[in-house]
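The sequence and coordinates are shown first.

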Amino acid sequence: MEKPAIFGGTPACPSPISYGKQYIDETDIQAVADVMRSDFLTCGPQIPALEKKFCEVTGAKYAVAVNSGTAALHIACIAAGIGPGDEVVTSPITFAASANCVSYCGGKPVFADINPETYNIDPAAVKACITPRTKAVIPVHYTGQAVAYDEIAEICQKYGLLLIQDAAHAIGTRYKGKPIGSLADMTCFSSHPVKTVTSGEGGVVTTNDETLYQKLLLARNHGITRDKSQMEHPTDDPWYYEMISLGYNYRLTDMQAALLSSQLDKLSAFVGRRKEIVKRYNEAFKNVDGVIIQKEIPESDTTRHLYILQLDLDVLTCNRRQFFDAMAAENIHCQVHYIPVYHLPYYQKQGYPIGLCPKAERLYERILSIPLYYSLTDEQVAEVIFAVKKICAYYHSTPNISFQS
Ligand SMILES: *Cc1c(COP(=O)(O)O)cnc(C)c1O
């Protein structure tokens, strides 16, 4: 076999590729340009149009568009009434925002360990974290695969907790046939460029609950209402509004909303291609000694946002960093998702001990995210597979292949 590029072989990919990338076509560009020539750059007709489309895609009753996935999580926590002294259970293997939204409200994120095969939060670990101060659970559909929703929902029901899903990875995923976004009290999506659909920056919260919906609307826009029924001192003055709670400016622009609507029109194509690539990777890697593939649960019809390669460090002689560098030399720029959130210095200073979630920590040492995006060609998929095989063979603890340079 040919040597890995890091030891002088030819790179598997002729030009650099990264783990994720947006796909923008002329229709998207036209949709944004049309808004720029219109009367409204923000608070215009694109926002309700996007929200309506989001409801159609997710099967939710209400959708609230905001300017990031983080803002979506923050207003969900505000609507949930999270405040000082409250605890919210989430996964350690996620982006910091899943916990930060709780911290913004003065609450305390509590980290429940993961299932080492699916990498999603373990319902038994969630249950073990519950105290009289627990107010909500924020499970993360990591990589796009649905969490063990029924088990978590049952725990929430039993202890009277709100269920807020972090679905930043999971647009297009279904759980037992139902789209993510139609389940749970609130579901938060992100449209950052590496996610399945993008608006540059952006996010959406979906809910089926009218009361939560009203609270989400207030939190998005300074706590301001023009609805007389919500006012303390309603008047007939046409300019009159009231600020009835403390909110933020988390509004999405109409350019972004038009872009996201246009992207949603391509969702089924995006979903189809991502599934195809995942299938090819899974088939190729199941026979590669040195890598472990993420277990798929039958309840989840998954649209994968990330493809995680777990290294079997028992059979490889390298560590994750060496593998990562070897992939980079092949022109394949991976990433690691994620450093356990409580390892981050801000959370370390709050006193979360290292060793808190051993399964998450073990996983973190072994994973890297390899390229997965709509425009990845079949040829590039084959190049990634070839690179992984080459590096695994080279670093195998009992080599049975000879390498040429
Ligand atoms: C991307 C992401 C977020 C935050 O979304 P932004 O749009 O970047 O603010 C939250 N949670 C997870 C799991 C994410 O991947």
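Contact means heavy atoms within 4.5 Å. In that sense, the buried residues of helix α4 are covered by elements that include α3 (69–79), β3 (87–90), β4, β5 (134–138), β6 (162–166) and α11. The model is a predicted one. The points below begin with the chain as a whole and continue with its helices, loops and backbone geometry.

**Overall form**

- The secondary structure of the protein chain consists of 13 helices and 17 strands. Its radius of gyration is 23 Å, close to the 22 Å given by the globule rule for 405 residues, so the chain is as compact as a globular protein of that length.
- The C-alpha trace extends over about 85 × 55 × 40 Å along its principal axes.
- Of the 405 residues in the protein chain, 55% are buried.
- Where contacts link residues at least 6 apart in sequence, 72% of them join residues at least 24 apart.
- The chain has an accessible surface of about 17400 Å², and carbon and sulfur atoms account for 52% of that area.
- There are 37 positive and 43 negative charges in the protein chain, and their mean positions lie 3 Å apart.

- Helix α4 (residues 97–104) has six of its eight residues buried, so it is largely enclosed by the rest of the structure.
- The buried set in α4 comprises Ala-97, Ser-98, Ala-99, Asn-100, Cys-101 and Val-102.
- Gly-106 follows α4 and has a positive phi, near 85°.

**Lys-108 in strand β4**

- Lys-108 belongs to strand β4 (residues 108–111), and it is partly exposed, with a relative accessible area of 43%.
- With neighbours within four places in sequence left aside, Lys-108 is in contact with Asp-86, Glu-87, Val-88, Val-102 and Tyr-352. Val-102 is also one of the buried residues of α4.

- Helix α9 (residues 267–285) contains 19 residues and reaches 27 Å from its first C-alpha to its last, close to the 27 Å expected at 1.5 Å a residue.
- Buried positions in α9 include Leu-267, Phe-270, Val-271, Ile-277, Val-278, Tyr-281 and Phe-285. Arg-273, Arg-274 and Asn-282 are also among the buried residues.
- The packing partners of these buried residues are the helices α2 (46–58), α8 (254–264) and α13 (378–394), together with the strands β13 (291–292), β15 (307–311) and β17 (367–370).
- Lys-266 sits in the loop between α8 and α9. Its relative accessible area is 13%, so Lys-266 counts as buried, the cut-off being under 20%.
- Apart from residues up to four places away in sequence, Lys-266 touches Tyr-23, Asp-25 and Asp-28.

**Helix α12**

- In helix α12 (residues 358–366), the buried residues are Ala-360, Glu-361, Leu-363, Tyr-364 and Arg-366.
- The cover over these residues includes β15, α10 (320–329) and β17. Strands β15 and β17 are also among the elements against which the buried residues of α9 pack.

**Backbone geometry in loops**

- His-337 and Tyr-338 are joined by a cis peptide bond, with omega at about 5°. Tyr-338 lies in the loop between β16 (332–333) and α11 (345–348).
- Tyr-119 is not a glycine, yet its phi is positive, at about 75°. Tyr-119 is placed in the loop between β4 and α5 (123–129) and is buried, with a relative accessible area of 1%.
- His-222, likewise a residue other than glycine, has a positive phi near 65°. The loop between α7 (210–220) and β11 (224–225) holds His-222, which is partly exposed at 31% relative accessibility.

**Ser-38**

- Ser-38 occupies the loop between α1 (26–36) and α2. Its relative accessible area of 36% makes Ser-38 partly exposed.
- Ser-38 and Tyr-241 are 203 residues apart along the chain, and 26 Å separates their C-alpha atoms.

Definitions and conventions. Residues numbered from 1 in each chain as written. Predicted model: local features only at pLDDT ≥ 70, side-chain atom pairs only at ≥ 80, totals over all residues. Heavy atoms only, no water. Helix = DSSP H or I, 4+ residues; strand = E, 2+ residues; numbered from the N terminus. Buried < 20%, exposed > 50% of the residue type's maximum accessible area, 1.4 Å probe, protein only. Rg over C-alpha atoms; globule rule 2.2 N^0.38 Å. Areas by Shrake-Rupley, 256 points an atom, 1.4 Å probe, with all protein chains shown as cover. Lys, Arg positive; Asp, Glu negative; His and termini not counted. Charge placed at Lys NZ, Arg CZ, Asp CG, Glu CD. Expected span 1.5 Å × (residues − 1).
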